[in-house]
Amino acid sequence: MRQVGKRVTSADVAQEAGVSRTTVSFVLNDRPGHAIPEETRQRVLEAARRLKYRPHASARALAAGHSDVVLLALPDMPVGAGISRFCEEVATALADRGLTLVTHFARADDRSLQDVCAAVDASAVIGLEAFEQATVQALHSVGVKVVIPSGGHAPSMRHVGRVQAEHLIARGHRHLGYAMSTHAGHLPMARHRLQGAADACAAASLEPPVVIGVDLEIAAAERAVRQWASQSITGVCGFNDDTALAVLAGAREAGVRVPQDLAVVGADDVATAALSLPPLTTVSFDLPEAGRQRAETVASALAGHVLVSDGVPVAPELIVRSSS
């Protein structure tokens, strides 16, 4: 009799079905090239269901040649609604492909990323931005097979700022501001988005945006709005929707009308963007598509297919509302 609390093994399934452990392995791992009679296959599957058999992670990894763990490496930054939705979409898309997402947040006192990957036996690592080549090599040295993005997605990050600024320029604004996040973890992404806005200004022969850091506090946002007003700034690109919503609140406190005196554009299309006063113009992403692309790329690479690229970046879409 099997001990209570003992994990069900493939040997238990074999005994229950009256077949060998090799047959159980062939059936449960769905290995091609082995002619298992359908009646035997069904008997094994039924025995596994009866015993509530769950394959051990190490056994699955041995059979597949890699674990099913994919690690999402996030920088030390506030996790807003956009990042949360992206994590959910990636996790769902990976689960559909038999892979499990583990999320790791970088901290100054944390173990190195490669140590974390070794601890959880990650086969793939996904990041929001490109990893340094030394980091990629260190990850491979601890068994990580796939690292994405390997070539960087700074152009797609810059595209967000470009879309924001081009919209404001098309509306006739010639002096733009940029509401920069004050959180250090946001800065790498924010700088890419700011560069995109600056590129759009340069293409239109305009001065680059006037950058002011905006805390998520009304008083700080009001000071920023008054400073922009003193410099004849009539349109502001927010690093993200939270920052842009702070600008809207600061404008109300300063008595600056939106969009008549100051047009504001955010990014990430959080749920509250449509509920602000006025509703916030923003840049939206097809997060399900982005998650699906990441998952497909990882699954394809783990299956041994050549990784030609990290996938086509999902193009952002401008959602025009009353704030601009």
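**Entry 1: contacts and chain totals**

I looked up contact range first: among the contacts in the protein chain (heavy atoms within 4.5 Å) with a separation of 6 or more, 72% are between residues 24 or more positions apart. I note that this is a predicted model, in which local features need pLDDT of at least 70 and side-chain atom pairs count only at pLDDT 80 or more, whereas totals for chains, interfaces and linings use all residues. Residues are numbered from 1 along each chain as its sequence is written, and side-chain values use heavy atoms, with hydrogens and water left out.

I then took the burial figure: 46% of the 324 residues of the protein chain count as buried, which stands for under 20% relative accessible area with a 1.4 Å probe, protein chains only.

For secondary structure I found twelve helices and ten strands, taken as DSSP runs (helices H or I, at least four residues; strands E, at least two) and numbered from the N terminus.

**Entry 2: the sheet with S1 to S4**

I traced an open sheet of four strands in the order S2-S1-S3-S4, with parallel pairing, where two strands pair if DSSP finds at least two bridges between them. Strand S2 (100-105) and strand S4 (146-148) are at the edges with a single partner strand each, so one side of each has no neighbour in the sheet. S3 (residues 124-127) pairs with S4 over three bridges in the parallel sense, and valine 125 has valine 147 of S4 as its bridge partner.

I also followed helix H5 (residues 81-95), which lies across S1 (69-74), S2 and S3 and runs at about 170° to S1; angles run from 0 to 180 degrees between N-to-C directions, with axes fitted to C-alpha atoms.

I found another open sheet of four strands, ordered S6-S5-S7-S8 with parallel pairing. Its edge strands, S6 (210-213) and S8 (263-265), each pair on one side only, and the twist averages 25° from one strand to the next.

Helix H11 lies across S5, S7 and S8 at about 160° to S8. I checked how H10 (residues 218-230) meets H11 (residues 241-254): they pack at about 75°, with their axes 7 Å apart. That makes H10 roughly perpendicular to H11, a class covering 65 to 115 degrees. Among the residues making this contact I listed Ile218 and Trp228 of H10, and Val247 and Gly250 of H11.

How values were computed
Buried means under 20% relative accessible area, exposed over 50%, partly exposed in between (1.4 Å probe, protein chains only). Angles under 35 degrees count as roughly parallel, over 145 as roughly antiparallel, 65 to 115 as roughly perpendicular and the rest as oblique.
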